[in-house]
Amino acid sequence: MKRDFYEILGVAKSASKDEVKSAYRKKALEWHPDRNKSADAEEKFKEINEAYEVLSNDQKKSAYDQYGHAAFDPGSAGPFGGHTYTSRNGSSNFTWTSSGGQNPFGDENGFDFGGFSNPFDIFEQIFGTSFNSSSHRSQRLPTYKLQLSFLEAANGVEKEITIEGSHKKIKIPAGVDDGQRIRFSDFILYIDVMPDNTFKREGNDVFVNVDITVTQAIMGSEIEVPTISQPVKIRVKPGTQPNTLVRLRHQGIKDVNGYGVGDLYIRLSVIIPAKLTARQKELLKELGI
């Protein structure tokens, strides 16, 4: 029976992301198989990384809080249930079996972990090192940096890159985030996502600021707003207050591991005119606003 993720990391349900990350760092260092030679070190290290991957992600944490481990069980009614499969990491003795959508990076090189990521990759992303373990790396692959625009990362893109003089056409899955690494057969890509002037990302949710006039805020209006795919029209309700957030469900970013789609939040900024004509001032006084 799987242990409780909060118990594994030793944190409360109310723990912040920083507290979860701090607990992970402590536990992962303690149980990393290259440092801890206990017979159960590998299994505990796997547990720690699965717990961190869920509790550090808002959507996965919410599902876990509601359904427990059943959220990721293909045999249950959990929201992330899917098919189950097992895969091995190179020459490692690790075997991960987990639910969820298929690995969006494919399995051409044998690195396929279902709904959970390779625990050693998570460790490297946090600490910047793998201790050069031979137990989980059949070889060290060269790493290259690939810069993407916000929309390319959000929607996925096909790129032609040059690696050591050879041209390769690769597919980047929708939902990759800044700092993420993608493993291909003979190299690793480090993703660098450029900031966007329109969209801001928080997890898989997207935030965008849209200006409206005082008249539109008071009387209501239909306006066009940008999304990561194409503009859509929304209705501004009469009496809308400044900085009101309008939520469009499932208009955010697709989770790269197949765990649903985030939401789009539109922040309505009411623009107050800096200058008014004498007639406009007179009308405002008559209205008493």
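Colleague: What is the accessible surface of the protein chain, and what share of it belongs to carbon and sulfur atoms?
Modeller: The accessible surface is about 16000 Å². Carbon and sulfur atoms hold 47% of that. Keep in mind that this is a predicted model.

Colleague: What makes a residue of the protein chain count as buried, and how many residues do?
Modeller: The cut-off is under 20% relative accessible area. Of the 289 residues, 42% count as buried.

Colleague: Where is N57 placed?
Modeller: N57 sits in the loop between α3 and α4.

Colleague: What makes the pair N57 and Q59 a polar contact?
Modeller: A polar atom of the N57 side chain lies 3.0 Å from the backbone nitrogen of Q59. The limit for N or O atoms is 3.5 Å, so the pair falls within it. The N57 atom is a side-chain oxygen, and the contact is at the start of α4.

Colleague: What comes just after α4?
Modeller: G68 does, with a positive phi of about 70 degrees.

Colleague: Which residues of helix α4 are buried?
Modeller: In α4, residues 58-67, the buried ones are K60, K61, A63 and Y64.

Colleague: How do you know where on α4 its buried residues lie?
Modeller: Look down the axis of α4. The buried residues fall within an arc of 165 degrees, so they line one face of the helix.

Colleague: What covers the buried residues of α4?
Modeller: The cover includes α1 (5-9) and α3 (41-55).

Colleague: Now the strands. How many helices and strands does the protein chain have?
Modeller: Eight helices and 13 strands.

Colleague: What is the order of the three strands in the open sheet, and what is the pairing?
Modeller: The order is β3-β7-β6, and the pairing is mixed.

Colleague: What makes β3 and β6 edge strands?
Modeller: β3 (143-148) and β6 (181-183) each pair on one side only. From one strand to the next, the twist averages 30 degrees.

Colleague: Why do β6 and β7 count as paired?
Modeller: Pairing needs at least two bridges. Three bridges join β6 to β7 (residues 188-193), so the two strands pair. They run antiparallel. One of the partners in β7 is I188, bridged to R183.

Colleague: What share of the contacts with a separation of 6 or more links residues 24 or more positions apart?
Modeller: In the protein chain, that share is 52%.

Terms used
Residues are numbered from 1 along each chain as its sequence is written. This is a predicted model: local features need pLDDT of at least 70, side-chain atom pairs count only at pLDDT 80 or more; totals for chains, interfaces and linings use all residues. Side-chain values use heavy atoms; hydrogens and water are left out. Helices (H or I, at least four residues) and strands (E, at least two) are DSSP runs, numbered from the N terminus. Buried means under 20% relative accessible area, exposed over 50%, partly exposed in between (1.4 Å probe, protein chains only). Contact means heavy atoms within 4.5 Å. Accessible areas come from the Shrake-Rupley method with a 1.4 Å probe; for residues, only the protein chains shown count as cover. Axes are lines fitted to C-alpha atoms, for helices over the stretch in contact, and angles run from 0 to 180 degrees between N-to-C directions. The arc is that of the directions from the helix axis to the C-beta atoms. A polar contact is a pair of N or O atoms within 3.5 Å; within protein, one must be able to donate a hydrogen and the other to accept it, and residues adjacent in sequence count only if both atoms are side-chain atoms.
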